[in-house]
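I open this notebook to record what I looked up in one structure, entry by entry. The sequence and the model come first, and my notes come after them.

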Amino acid sequence: MDIQTSLIAFINDGLIAGKSQTTLKAYQYAIRDLLKYITGVFASQQLNELDKTILTNYLVHGIKMRKWNKYTQWTVYKNLCAYLNWCVKRNFISTNPIKEIPKPKMPQQLPSSLNEKEVRILLQTVANLPSQYPFYTLRNKAVVSMFLFTGVRKNELINLRDKDVDLINGYIQVECGKGGKRREIPIEQKTLKPVLMEYHEYRERICKTSEWFFNGTFAGRGFNDNKLAIGTVDRLFWRLSAILHKRIYAHKLRHSFAT
């Protein structure tokens, strides 16, 4: 069996097993990047001919020529190892050749987070961020506050439905968390609840309600399936990072919540 055919089967098995789209994309990227290297050096694309030498040369090429950092080295190794373990389990190969190569060490780093003063400045900045419509301002405030005071992941926030956020009883139901786990998160009362209430009430007043709690640009009557896009969230953080001269992103706010 060739690598491309096995990749399709590997991703399909991952879908059936309920792995997240983010995880599957990471696997897919790592395997396709390896396949691109193999094609470039005119090596065999047959899975049973993928050996320690080819994998070693690929990793060395990544480190020397493509300047992979420690995290990238570790991630590529981990993703390829998961794929090759699956190949062994499916009896496509007898052993996992990457296990013969030393595993890169993941550098131990403390999670990046914001201190209390930086959190206050961030909230003030997003509240004063120029927007075309008041709806965008209120939504941006609600998005940043949600990250800061609940610790939700980006995909979890995007996929929150209106029914998942109970502003009366004060909790958020995350239905599609990492690993398909469900959990309830209490709504912080002093800062988060007023921001969410303001956003939610304004959204209803201008008829932008939909099944999603965070709506996209065109949400409203006739656009009930429209939800906030990940790209919109990313662009919000790029703008905030440029203003604050400090990199701001969703996972940093998750770590800030944890600390």
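**Ground rules.** I am working from a predicted model, in which local features need pLDDT of at least 70 and side-chain atom pairs count only at pLDDT 80 or more, while totals for chains, interfaces and linings use all residues. I number residues from 1 along each chain as its sequence is written, and side-chain values use heavy atoms, with hydrogens and water left out.

**Overall layout.** I looked up the elements and found 10 helices and 3 strands, where helices (H or I, at least four residues) and strands (E, at least two) are DSSP runs numbered from the N terminus. Along the sequence I read the pattern α-α-α-α-α-α-α-β-β-β-α-α-α. The C-alpha atoms fill a box of roughly 65 × 40 × 30 Å, taken along the principal axes. Of the 259 residues, 41% count as buried; I use buried for under 20% relative accessible area, exposed for over 50%, and partly exposed in between, with a 1.4 Å probe and protein chains only. I also looked at contacts, meaning heavy atoms within 4.5 Å: among those between residues at least 6 apart in sequence, 57% join residues at least 24 apart.

**Helix α9 and its partner α5.** I turned next to α9 (residues 230–244), which has 15 residues and reaches 21 Å from its first C-alpha to its last, close to the 21 Å expected at 1.5 Å a residue; that expected span is 1.5 Å times one less than the number of residues. Two packed helices are described by the angle between their axes and the distance between the axes. The axes of α5 (residues 116–127) and α9 come within 11 Å and cross at roughly 115°, the axes being lines fitted to C-alpha atoms over the stretch in contact, with angles from 0 to 180 degrees between N-to-C directions. I noted which residues make this contact: Ile-121, Leu-122, Thr-125 and Val-126 from α5, and Leu-236, Leu-240, Ile-243 and Leu-244 from α9. By class the contact has 7 nonpolar, 1 polar and no charged residues, where Ala, Val, Leu, Ile, Met, Phe, Trp, Tyr, Cys and Pro count as nonpolar, Asp, Glu, Lys and Arg as charged, and the others, Gly among them, as polar.

The buried residues of α9 are Thr-232, Val-233, Leu-236, Phe-237, Leu-240 and Ser-241, and what covers them includes α5, α6 (134–150), α7 (154–158) and α10 (250–258). After α9 comes His-245, whose phi is positive, near 55°.

**Cores.** I then looked up the nonpolar cores, each a set of buried Ala, Val, Leu, Ile, Met, Phe, Trp, Tyr and Cys residues joined through side-chain atoms within 4.5 Å. The largest has 39 residues, of which Val-144, Met-146, Phe-147, Leu-157, Phe-214, Phe-237 and Leu-253 touch the most other members. Two or more residues come from each of α5, α6, α7, β2 (171–174), α8 (192–205), α9 and α10, and the largest share, 9 residues, is from α6. A second, separate core of 30 residues includes Leu-7, Ala-30, Ile-38 and Leu-59.

Leaving aside neighbours within four places in sequence, Val-144 is in contact with Leu-122, Leu-123, Val-126, Leu-236, Phe-237, Leu-240 and Leu-253.

Leu-160 lies in the loop between α7 and β1 (165–166) and is buried at 2% relative accessibility. With neighbours within four places set aside, its contacts are Met-146, Val-165, Ile-172, Gln-173, Trp-212, Phe-213 and Phe-214. Gln-173, one of these partners, is in strand β2 and counts as buried at 11%. In helix α2 I checked Leu-24, which is buried with a relative accessible area of 4%.

Most residues other than glycine have a negative phi, and most peptide bonds are trans. I therefore noted Phe-42, which has a positive phi of about 60° although it is not a glycine, and which is exposed, with a relative accessible area of 77%; Phe-42 lies in the loop between α2 (21–40) and α3 (52–64). Asn-91 has a positive phi near 65°, sits in the loop between α4 (70–89) and α5, and counts as exposed at 68% relative accessibility.
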